[in-house]
Amino acid sequence: MAEVFRRFVGLAGLAVAFVIAGCASRQPPLANDAYVWQHQWTPALARSISDSGQELRAWRVLAAEMDGRGQWRTFSPAWPVLAASGKPVIAVVRLEGALQQWDETVLLERTRALLSQWRLQGIRFAGIEIDHDCATSRLPAYTHFLASLRPLLAPGERLSITALPTWLESPGLDALLAQADETVLQVHAVQSPRAGLFQPERARAWLREFARHTGKPWRVALPAYGTRVSWDDQGRVVAIESERPTLVDSTESRELFAEPAAMQRFVAGLEADVPHGLAGIVWFRLPTEGDERAWSMASWHAVLRRTPLTSSITVNTVPSGDPSRLDVQIVNSGTSDMALPALVRIDSACEAADGINGYALQRTPQGLYLQRTRVGLLRAGRQLAIGWLRCSRSPGTVRIDR
């Protein structure tokens, strides 16, 4: 009997060991940070910070920027909002990549004053991040600036920098990375806009290559937004619209988006095979309800929580103020922001119809269609009027043509 008991205890112990080993082999989700890049601290921004804090490790908040002419500008966050979140806050200083020269003494003094101000605001101040998308030829000067900046930090404060994939082939990259406690590799909006906002396979290659350059913890910046890019007759980019429209007279424009479902798949792949040293994700940028080119809050929270996104986009007709006219609407009742459908078929013989809001009427031998004239997303929980019908008889049905 004693021998049977000993065998039972041994098998039980082995089972427990297998369970422990199985749990240990499952990596925890990568930590989420978010860039707070808005210049104006609105009530909508405060709500986004309050609503998203549970899923985020830290805020990286735009604190100051120097433009291509060397003009310095600082921003004043809503300190009580950041303090109430209880999360670490990293002040981000953006130095325009086109800036060819700077007075290092003046820049260091301005950064010293910025650090002193942020330390007094009652937040969990964690350090500073320098965002400088410079050419590879400028990396030695950038490295010297970072080495001069380090002594300005107080104990416990960390120096972060952003890095570009174009730096991976530079012999000066390792010396630059040695000056930082942490690096954020940017893999979105780093190529020609014609190549799109984000390319998953190219991003994976950059991540694998970057992991070979640093032995320190690092993070990857991923997109949670869209943008509209316009070109002139010579193919030069004349405008990039993100948070607000810009009036431009251009011959070509294109909407670029990082779809939530695509980014969720990319993150799942990262977490299944984490590159060496990768400590987390920094999302650009924190969405707000008023930011039409950022993700909806429903999509944002689903991606942060790693919960499945639901896709549900439908089209229907609804009565208008005119008894003889029906409006055509697209409705997104899921949790995933989705691309607007390319074609909506009208199965009826209406006397008049037309498209609006990026849709145009097409009459073909096969029937009437509302055709999308520009790429766009319909945010989760939203609806969009895309046309109208005027029919003396039953309007029949409208349906998305797949």
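Is Cys350 buried or exposed? In this predicted model, Cys350 has a relative accessible area of 7%, and because buried means under 20%, Cys350 counts as buried.

A disulfide is a covalent bond between the sulfur atoms of two cysteines. The torsion about the S-S bond of Cys350 and Cys391 is about 75°, so the disulfide is right-handed. Cys391 is buried as well, with a relative accessibility of 17%. Another cysteine, Cys134, has a relative accessibility of 4% and is likewise buried.

Burial can also be followed along a helix. Helix α2 spans residues 43–52, and its buried residues are Ala44, Leu45, Ser48, Ile49 and Ser52. These residues cover an arc of only 140° around the axis, which means that they lie on the same side of α2. An α-helix has 3.6 residues a turn, so residues three or four places apart point the same way. What do the buried residues of α2 pack against? Their contacts are with the strands β1 (31–36) and β2 (58–66) and with the helices α3 (79–85) and α9 (297–305). Pro43 and Ser50 are exposed, and they are carried on the face of α2 turned away from its buried side.

Terms used: Residues numbered from 1 in each chain as written. Predicted model: local features only at pLDDT ≥ 70, side-chain atom pairs only at ≥ 80, totals over all residues. Heavy atoms only, no water. Buried < 20%, exposed > 50% of the residue type's maximum accessible area, 1.4 Å probe, protein only. Helix = DSSP H or I, 4+ residues; strand = E, 2+ residues; numbered from the N terminus. Arc of directions from axis to C-beta. Contact = heavy atoms within 4.5 Å. Disulfide = S-S within 2.5 Å.
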